[in-house]
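Student: I've got the sequence and the model open side by side. Can you take me through it?

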Amino acid sequence: MSGEIFNPAETASFAPETRPERASRRRPSSGQTIRLGSLAALVLVFVYFAYAAPGFTALGNLTNIVEQSAVLALLAFGMTAVIVGGGGDVIRGGIDLSLGANLGLCTAVYAVSSAAGYSDSVSVLLTFGAGIAVGALNGLAVVALGILPLLTTLAVMNICAGLELVLTQNTVISSSSPLLAWISSAAWLGLSITSWTFILTAALMLVLVHRTPWGLRLQAVGGHQQAARAAGLRLSLYLVATYMGAGLLAGLASILQAARLSGSSPGSGDILLSVVLTSLMSVVFSRRLAPSIGGTILSVLFIGGLINGFQLLNVSSYWVNGVQGVLILGIVSLRSLSRRPGSV
Amino acid sequence: MSMSVGTPGRERLLLATLVRWVTPAVLILLLLAFAIASPTFRTPGNLVHILVNNFTLPAIVALGMTLVISAGGIDLSVGTSADIAAMIAVTLMASRHGLGLSLGAGLAGAIGVGMVVSLLVAGLGISPFLATLGVLFVGESVQQLATNGGTPIYLVSNFPAAGLTALAHGTVLGVPVPLWIVLAAALLVQLLLRHTAFGRHVRASGAAPEVARYSGLPVKRTIAAVYVLSALLCGVSGLLLAATVKSYVPLSGNAFLLDAIGAAFVGTTISPEAKPNVPGTLLGVFLFGMLHNGLLLIGWNFYWQQVAVGLLVFTVLAASFAARRLQSAD
């Protein structure tokens, strides 16, 4: 029961005849309640800020929220894809703890290579290469060696964080390149490049995971590995693809991060827990109570709006984490309260 | 495991033994390598130094994590329990309350954190990942608000110092007090896990929660108890840390988290059933502690140390998981 968050992939094998049916009969109604509850919480928080925080609903501020959430969003999309493909078991399920450190490493790679005088195209290529390589290492270790994703990515996180320190010597490396200047200055239809990256990636991921045959099969892989294998899917290809995709997204996010910080500075890895929380929270925004890209977009905006609203209200930033934690625990509790007694 | 299929050939038995020896072998090789490379490393004083400074605190946390992982969960809020215990105890001591009262209140605070986690995981059925992560976030806020954003609290007066120093630096029968505490914690967890009905329930809840429930085992109560026990052990670790540095540094407990998870899982490699176990966990913690100490003494750059630790953990896991896969393949 406590062993998983949304999908009975592991436990289903113990009672294969009864569980899936019961689940499919129960889920739609309770799922709907929870989703509406979560959406109501989201709307309430935004309505409160609109009422109490001066300037919250100004167009400039709303685009600001999107812009400030972009790095978190890109990483969370990668995390969600990994969780969708790996399943939701706490110990054996998919998770990528190396994403935060990967972001730091990629930002360092970009900053160092552009400080060393390489052109933007070379630097970007190196950055994406680093991100994808880290993802490939994760994916291959999970698939070929069979190491638990939790452990693989924990070890790789250490390696990435160490390499970042080796590259930057734990200092701030400032870089100014035409690309970074373009990202921080250019705008189209009132939205910055960073915001557009968020929006376009969100649309792409939404279609890829939820509207293509590939995405459907990915969900099947995460939902029930044995069934997916029996249906003839090559699990390893799907899993490696999600880790490499997450790595690529970390690379993309690192360019936005470099533009925002004008280079690389230590401590990017701290974003990891927020990313995990955002992806897991997507569950309560989805109809099937499974991690989804749509849910991830909503939770990213929720957290972004919360941080922004607090800033406008001049509430100490020390409150942000706590309120975020309480809200999320509250929303997730809704799920268990709306569950029928006796069911798992 | 598909051990029942076919006859267990001699090669497979050999392979199974090899898998279990990967971690101890790596440990021994590293010990030898460091001893050859660094004259300081091979002094007895350094061994004690590793045990006291690089082993005790993470070991106590990792023992709690071993229980939690055995029950099929995970506890990301270990740092919160340790920090809250230290925060309460040091705050009380700074305002000249007695040592016993302060430490007791600190432990009670840690147990409180554990009870919140229990309520969320066992009571409400929230995924352990999400529940303990939520508690971690709330814990961060509580500490930041209580300390004005993370200002450490130092014990300047030497009022409770005597008892506190004895706790951190004293020896009983020539063995440092913190090591006795690790020993007691290890025996407690080992006894609970291996020799009591509670331990059987923990392992059953971890291996097959559905089966355990249908067999009438008190799965919820077991899981609730496991998180409270883990928080209690983390509280002990947090108090020892506070006693060692004679201060409370906000958010310092999070440093234990990843080492504790890593050690508990590295420890599974020495068990035939690949389950978390007390000796394995202690071995894992010692491996990490020795590596930090050894790399420092042979003069490795601090930044490369982290890469090396990551690579080593990766290698140990890769070797044992790959071998286990080969073993169950044919």
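Predicted model: local features only at pLDDT ≥ 70, side-chain atom pairs only at ≥ 80, totals over all residues.

Student: What makes up chain A in helices and strands?

Tutor: Chain A has 344 residues, and 55% of them are buried. As for its elements, the count is 13 helices and four strands.

Student: How many of the residues of α3(A) are buried?

Tutor: That helix covers residues 99-115 of chain A. A residue is called buried when 20 or more other C-beta atoms lie within 10 Å of its own. The rest of the structure largely encloses α3(A), because the buried ones number 15 of the 17.

Student: What span should α3(A) have, at 1.5 Å a residue?

Tutor: The expected span is 1.5 Å times one less than the number of residues. The end C-alpha atoms of α3(A) are 24 Å apart, which agrees with the span its 17 residues should have, 24 Å.

Student: And which residue takes a positive phi just after α3(A)?

Tutor: Look just past the end of the helix. The phi there is about 95°, and the residue is Gly117(A).

Student: How do α3(B) and α5(B) pack, and at what angle?

Tutor: These are residues 78-94 and 128-146 of chain B, with axes 9 Å apart. Angles under 35 degrees count as roughly parallel, so that is the label for α3(B) and α5(B). The crossing is left-handed, and the angle is about 25°.

Student: Which residues of α3(B) make that contact?

Tutor: On the α5(B) side you'll find Val135(B), Leu136(B), Gly139(B), Gln143(B) and Ala146(B). Taken over both helices, the contact has five nonpolar, four polar and one charged residues. From α3(B) come Gly79(B), Thr80(B), Asp83(B), Ile84(B) and Met87(B).

Student: Last one: which element gives the largest share of the side of chain A that touches chain B?

Tutor: Here 42 residues of chain A are in contact with 48 of chain B. Elements giving two or more residues to chain A's side are α5, α11 and α13. That side has 28 nonpolar, 13 polar and one charged residues. The largest share, twelve residues, comes from α13(A).

Note on methods: Residues numbered from 1 in each chain as written. Chains lettered and ligands numbered in written order. Axes fitted to C-alpha atoms, helices over the stretch in contact; angles between N-to-C directions. Parallel < 35°, antiparallel > 145°, perpendicular 65-115°, else oblique. Left-handed = near helix turned anticlockwise from the far one by under 90°. Contact = placed C-beta atoms within 7 Å. Nonpolar A, V, L, I, M, F, W, Y, C, P; charged D, E, K, R; others polar. Buried ≥ 20, exposed ≤ 12 C-beta atoms within 10 Å, placed from the backbone.
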